[in-house]
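This briefing is intended for a reader who is meeting the structure for the first time. Please look over the sequence and the model shown here before turning to the points that follow.

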Amino acid sequence: MISNNIPPQIFPYEHPTDKPRRVYLCDDSPEGILTAIYDAWSSRYGHSHNYIQINSCTDNNMFYEYVDTIPDLKKAKSIVTSIKTKISLDFYELVESCLLSCDINRADDIYRLIILGFSVGPSARTYLAYPAIQRVMKIEKNVWNEYHHYLGFIRFEELQDKTLFARFRPHNNIISKVIPHFADRFPEENIMIADVNRSIVAVSRHGLVAYTITDINFDRITLPTSANEELLKKMWKGFIESIEIKERSNPGLQRQNMPLRFREFTTEFL
Amino acid sequence: MNNGQSGGIFIVTENTMDKLNILTAAAKYDVACTSSGVERTGGSSGIGSTISPGVCHSFSGDGRCISLLKVLYTNECIFDCKYCINRRSNDVRRTSFTPEELAELTISFYRRNYIEGLFLSSGITRSPNTTMEQIYQVLLLLRYTYNFHGYIHVKAIPGADDELITRTGWLADRMSVNMELPTAESLNKLAPHKNRANILTPMRRIQTLRDSDREFHGELLTDSATLTTASDNLPISHNNKSTEAVSCKSKFCKPAVMKAGTRRFVPAGQSTQFIIGASDDTDYQIIKVSEALYERFDLKRVFYSAFVNVNLDSELPDTSKGSEMLREHRLYQADWLLRYYQFKADEILSPEYPSLNTLVDPKCSYALNHLEMFPVEITTASYHTLLRVPGIGVTSARRITSVRKHSAGLLTFNDLKKIGVVLKRAQYFITCGGKSLVPIRITQSFILANMLGLKDNLPKGLTKEQTYEQLSLFDVSDIVENRIEQISC
């Protein structure tokens with residue numbers, strides 16, 4: 001029972017058909033995935049015979065055709081523009097969240113989401129009866145949750161020149177979502193946030209944001225902090241200590257609410 | 001503009017640290033620590049912004065969220081409330097911040113992203129007015145000298161002048177007056193210096209001013225207008241045309257985005273708190289009062305705090321064996337039913353059954369007592385009806401109504417699970433496409449026994465023996481007898 005208003009062939013056929021499935025291999029990057037989607041789409045081979053796979057995925061099948069794609073910013077941008085103008089900006093935000101995810105199997109789900117988006121409009125996100133859309137919504141939730149957690153769990157240190165510096169180690173590539181929040185919040189500050197795993201640094205100077213990829217190992221680095229930094233750290237630790245109701249101590253709940261992976265760079269748990 | 005260090009002199013010192021520790025410990029029994037309800041962008045100058053869901057910045061050892069710098073301005077107090085650690089008759093170290101010191105500390109913490117803002121409460125020094133005045137000073141410094149646009153939650157001090165409360169309200173995001181105890185008798189007994197009128201007057205005052213401010217900004221709409229604007233935020237019932245399923249109290253809608261520097265009167269609304277277990281008040285009394293506060297005073301939240309006998313006062317219940325955490329938990333669940341699930345207090349409890357069931361949550365308990373309403377057919381039931389099913393929450397009910405618009409025929413139990421329906425509870429009460437998941441006898445004892453058979457369904461704090469013990473005493477038999485009586489009448 002498939003309802004009438006969606007073309008059923010947009011989802012990949014599970015069973016062998018007259019044509020072999022063509023798998024587009026792409027880089028694990030937003031441009032890479034979008035380029036593969038562009039290539040698959042413009043090949044006119046048929047959506048249901050196409051499949052998009054990130055090249056670090058290794059489940060190969062001898063009956064499939066494999067096509068390598070080369071990331072191309074132009075192709076990626078053209079898809080982004082069409083989504084923004086023909087579907088909606090909100091829908092693009094959903095696609096963007098999925099692109100930034102660390103889920104290795106997301107490429108094909110994003111492909112299906114975009115096809116459905118062009119077919120039924122922004123309401124594609126409510127087609128939860130389809131597995132690809134269910135997965136997409138799950139991915140979006142995961143990215144949003146991590147983003148929202150880090151809004152609270154990022155800790156800045158004041159360096160000698162009053163720059164606020166923070167490190168974090170997110171699973172998803174959310175630095176481009178996190179930095180605008182702080183740029184807006186601290187319009188008069190210089191901010192630097194480093195994604196330790198990806199070695200991406202985002203800086204914001206008086207509200208203007210820029211990114212750079214470096215080869216600095218932020219795990220090791222210690223930067224000289226300002227004179228009051230130690231006292232304030234001590235005060236914050238003291239605050240965390242004093243606010244606990246000892247009669248109700250519940251470290252399990254604390255760990256559930258703030259898993260250990262978030263505590264790596266937080267002042268109070270160092 | 002200054003970056004936190006006003007005039008080059010840093011006034012936060014080791015001495016401040018000492019004060020911070022004392023005044024934090026004195027404020028910790030106030031449970032509210034939310035930073036939600038206002039969406040405000042940062043300006044081109046100054047510091048700070050807020051986002052409407054709020055942000056948790058850390059979690060303390062008891063598992064509670066730390067969002068705001070929750071401190072007392074001073075722990076000196078002229079009142080002698082029996083339950084309070086800062087009461088006059090207690091021999092504890094007394095201290096107090098200066099407005100400059102506290103403002104500086106707040107900004108220093110805020111810049112490092114330790115906190116989302118300030119939660120300022122206070123003991124009553126000299127008079128309510130003096131205290132309110134001091135709180136106002138801190139807010140004035142933060143908002144005007146530091147140009148701070150972050151979240152501020154303050155207590156309205158009962159008994160303070162209207163004028164002072166009004167001025168403070170224009171600078172704060174949320175204000176609260178703690179009810180502490182639901183009935184006037186228990187208030188008299190435990191907090192002899194407080195009275196009902198003193199608590200409700202500022203609450204009403206804040207509500208009135210807030211309403212007129214919202215009306216001025218075109219937000220306080222008539223009922224019919226609310227329906228159309230609310231439709232973006234709240235799901236519309238599918239088949240059922242009853243207005244109660246559609247009606248949206250404007251307080252649940254997403255707040256409008258404010259710009260930094262705009263002054264609105266208490267934009268995040270009011271909250272209050274009850275102490276649970278210090279007096280003999282029943283759950284029914286408590287949620288009846290909560291309901292009245294939500295409906296008549298337009299409160300955003302009521303918080304419940306399980307009583308800890310910090311003063312070891314012999315007139316108060318002994319909590320050394322553990323406080324009533326489960327009761328607190330059940331009250332929060334009932335509170336959610338009032339706020340998000342369109343329940344009425346009288347549907348949850350009644351004077352004959354004034355206590356919440358400890359074994360199952362209030363919604364399950366309601367469903368077990370209203371089996372005539374079930375099973376509910378997922379593909380056709382109204383949003384309102386879906387909300388009554390245990391295991392279906394606001395999010396999953398919304399998803400169900402939006403999915404079935406285009407693919408009702410496709411919905412299976414497996415999809416429901418992926419949508420977020422908790423089938424282990426919902427399975428007894430729903431059919432999907434006319435089928436039920438498992439063969440079910442719709443009787444209370446069958447469902448209850450199965451629900452409790454699940455290991456993870458045992459509430460925390462109940463051991464196995466307790467459960468079985470209570471199971472035998474459990475009021476199912478009473479209710480069944482009651483129903484039989486009703487039928488025979």
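Helices, labelled H, are DSSP runs of at least four residues and are numbered from the N terminus. A:Ser97 is found in one such element, helix H3 of chain A, which covers residues 89-99. The model is a predicted one.

**Helices H4 and H5 of chain A**

- Helix H4 of chain A comprises residues 106-120 and helix H5 of chain A comprises residues 131-153; the two pack with their axes 9 Å apart, at an angle of about 110 degrees.
- Angles of 65 to 115 degrees count as roughly perpendicular, and H4(A) and H5(A) are therefore roughly perpendicular to each other.
- The crossing of H4(A) and H5(A) is left-handed.
- On the H4(A) side, the contact is formed by A:Arg106, A:Asp109, A:Ile110, A:Arg112, A:Leu113 and A:Leu116, which meet A:Ala132, A:Ile133, A:Arg135, A:Val136 and A:Ile139 of H5(A).
- Of the residues in this contact between H4(A) and H5(A), seven are nonpolar, four are charged and none is polar.

**Buried residues of chain A**

- A:Ser97, in helix H3 of chain A, has a relative accessibility of 6% and therefore counts as buried, the limit being under 20%.
- Apart from neighbours within four places in sequence, A:Ser97 is in contact with A:Glu140, A:Val143 and A:Lys177.
- A:Ile115 belongs to helix H4 of chain A and is likewise buried, as its relative accessible area is 4%.
- From C-alpha to C-alpha, A:Ile115 lies 8.4 Å from A:His47, although 68 residues separate A:Ile115 and A:His47 in sequence.

**The sheet of chain B**

- Chain B contains an open sheet of six strands with parallel pairing, in the order E4-E5-E6-E7-E9-E10.
- The edges are held by strand E4 (69-72) and strand E10 (301-306) of chain B; each has a single partner strand, so one side of each is left without a neighbour in the sheet.
- From one strand to the next, the twist averages 20 degrees.
- Within a sheet, strands pair through backbone hydrogen bonds, in either a parallel or an antiparallel manner.
- Strand E6 (residues 151-155) and strand E7 (residues 174-176) of chain B are paired in the parallel sense over three bridges.
- B:His153 stands opposite B:Arg174, a residue of E7(B).

Definitions and conventions. Residues are numbered from 1 along each chain as its sequence is written. Chains are lettered from A and ligands numbered from 1 in the order in which they are written. This is a predicted model: local features need pLDDT of at least 70, side-chain atom pairs count only at pLDDT 80 or more; totals for chains, interfaces and linings use all residues. Side-chain values use heavy atoms; hydrogens and water are left out. Axes are lines fitted to C-alpha atoms, for helices over the stretch in contact, and angles run from 0 to 180 degrees between N-to-C directions. Angles under 35 degrees count as roughly parallel, over 145 as roughly antiparallel, 65 to 115 as roughly perpendicular and the rest as oblique. A crossing is left-handed if the near helix is turned anticlockwise from the far one by less than a right angle, and right-handed if clockwise. Contact means heavy atoms within 4.5 Å. Ala, Val, Leu, Ile, Met, Phe, Trp, Tyr, Cys and Pro count as nonpolar, Asp, Glu, Lys and Arg as charged, and the others, Gly among them, as polar. Two strands pair if DSSP finds at least two bridges between them. Buried means under 20% relative accessible area, exposed over 50%, partly exposed in between (1.4 Å probe, protein chains only).
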